Amino acid sequence: MSDDVELSIREVTGGSVLLATETLRLPIEIGRFGADNVGRISAGDGRVVHFGEGYGTLSRQHLTITPSGDGGLVVTDLSSNGVAQIGQEGSPPVPIGRGGTVRMAAGAMRAFETVGLRVTVCSPKEAQVDAIGQPLHLVYDSSSTGRLKALDLDGVSIALVASGSEVLMRRRKGRAAQALEDARGEGAQVLVMIGPDGAGGVEAICGMSDEVSHNRRMLDAGEAVPMDHLATLDIRGQLLRIMSAEEGKGLSCTNAECRQLNPYLPGENCRYCGQRLGDGTSYWVHS
Ligand SMILES: [Zn+2]
């Protein structure tokens, strides 16, 4: 469950950015502060962020964003001058009403307008992988079930084997190179073997050309690539990501053509495809 919100603020007229996308700890309160009527955001971890000044029409307590308890957010209008939710293109903004709330599901993004400000709120979506006690492990992103599963790589390798049009996952003892040789000796059509490289790291060895990509680059048969934290293998649409328990989480790009993991860069762009991250539909993978 997320304890954070991603927030940005622009001026409605002219569109100048008052607050570039920031990840802030819930609950947060937006209001004005001091004689200069500075815009102020206070976050749940005690952090305070200021934006602009001269916002006399902003209430001292204008808007709050709190966790909804089910992974989403609740936006509450406490203002004197009103907050309106921006609807679909062409439809007029809908006033929340003082004391009124808007609930946002995890992964949702909404924009609100109030006293000349446009506030964009994203509820980060999270995908939790159960810890398995291994410092380095694979995360299997099953597109059919939508669930993430951690795979142990301690002394074992994982083979992706073609069986007709299906791809089967098989666990094999030993380092990747040995496991690949063994599996081939048994006549298996190995697409890729991922496992220990014998030097403390993890590698992926491609079994067949034009079947497997590593960080969006197609591999040739026999090619071995290191699997570092957040590296992604795509095997006929099935994703295997390497995660380090120590380094924690990655932000998954939601561009359907990409789906690569990125380090913590909300508000920046995917390092592979350039799509904006932290747009409310990106999701965290934790392990
Ligand atoms: Zn991307």
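**Entry 1: Overall layout**

I began with the domain assignment, which divides the protein chain into domain 1 (4–123) and domain 2 (127–286). I note here that the model is predicted. The C-alpha centres of domain 1 and domain 2 lie 38 Å apart. Along the principal axes, I found that the C-alpha atoms of the protein chain fill a box of roughly 75 × 40 × 30 Å.

Of the 287 residues in the protein chain, 33% are buried. I also looked at contacts between residues at least 6 apart in sequence: 44% of them join residues at least 24 apart.

**Entry 2: The sheet that begins with β2**

I traced an open sheet of six strands, and its order reads β2-β1-β12-β11-β8-β9. The pairing in this sheet is antiparallel. Which strands stand at the edges? They are β2 (17–25) and β9 (94–95). Each has a single partner strand, so one side of each is left without a neighbour in the sheet.

I followed the pairing of β1 (residues 4–11) with β2 and found that six bridges join these antiparallel strands. As one example, I noted that glutamate 6 has threonine 23 in β2 as its bridge partner.

**Entry 3: Backbone points in the loops**

I next turned to backbone angles. Most residues other than glycine have a negative phi, and most peptide bonds are trans.

The peptide bond from leucine 26 to proline 27 is cis, with omega near -10°. I located proline 27 in the loop between β2 and β3 (28–33).

Asparagine 37 is not a glycine, yet I found a positive phi of about 50° for this residue. Asparagine 37 lies in the loop between β3 and β4 (38–42). Is asparagine 37 buried or partly exposed? I found 17 C-beta neighbours inside 10 Å, so asparagine 37 counts as partly exposed.

Arginine 259 is likewise not a glycine and has a positive phi of about 55°. I placed arginine 259 in the loop between β25 (250–252) and β26 (261–262). Arginine 259 counts as buried because it has 20 C-beta neighbours inside 10 Å, and a residue is buried if 20 or more other C-beta atoms lie within that distance.

**Entry 4: The sheet that begins with β15**

I traced another open sheet of six strands, in the order β15-β14-β24-β23-β20-β21, with antiparallel pairing. Its edges are β15 (148–152) and β21 (217–218). Each edge strand has a single partner, so one side of each has no neighbour in the sheet.

Within this sheet I looked at β14 and β24, which pair in the antiparallel sense over six bridges. Tyrosine 140 has leucine 240 in β24 as its bridge partner.

**Entry 5: The hairpin of β16 and β17**

I counted eight bridges between β16 and strand β17 (residues 166–173), which pair in the antiparallel sense. Serine 163 has glutamate 166 in β17 as its bridge partner. The hairpin has two residues between the strands, and I noted a positive phi near 65° at glycine 164.

**Entry 6: The helix α1**

Which residues of α1 are buried? I found Ala176, Ala179 and Leu180. Seen down the axis of α1, these buried residues fall within an arc of 100°, so they line one face of the helix. I then looked for what covers them and found β16, β17, β18 and β19 among the covering elements. Just after α1, glycine 187 takes a positive phi of about 85°.

In soluble globular proteins, nonpolar side chains tend to be buried together.

Leaving aside neighbours within four places in sequence, methionine 193 is in contact with Ser157, Ala159, Ala176, Ala179, Leu180, Ala183, Ile205 and Gly207.

Key:
Residues numbered from 1 in each chain as written. Predicted model: local features only at pLDDT ≥ 70, side-chain atom pairs only at ≥ 80, totals over all residues. Pairing = 2+ DSSP bridges. Helix = DSSP H or I, 4+ residues; strand = E, 2+ residues; numbered from the N terminus. Buried ≥ 20, exposed ≤ 12 C-beta atoms within 10 Å, placed from the backbone. Contact = placed C-beta atoms within 7 Å. Domains from an automatic or database assignment. Arc of directions from axis to C-beta.
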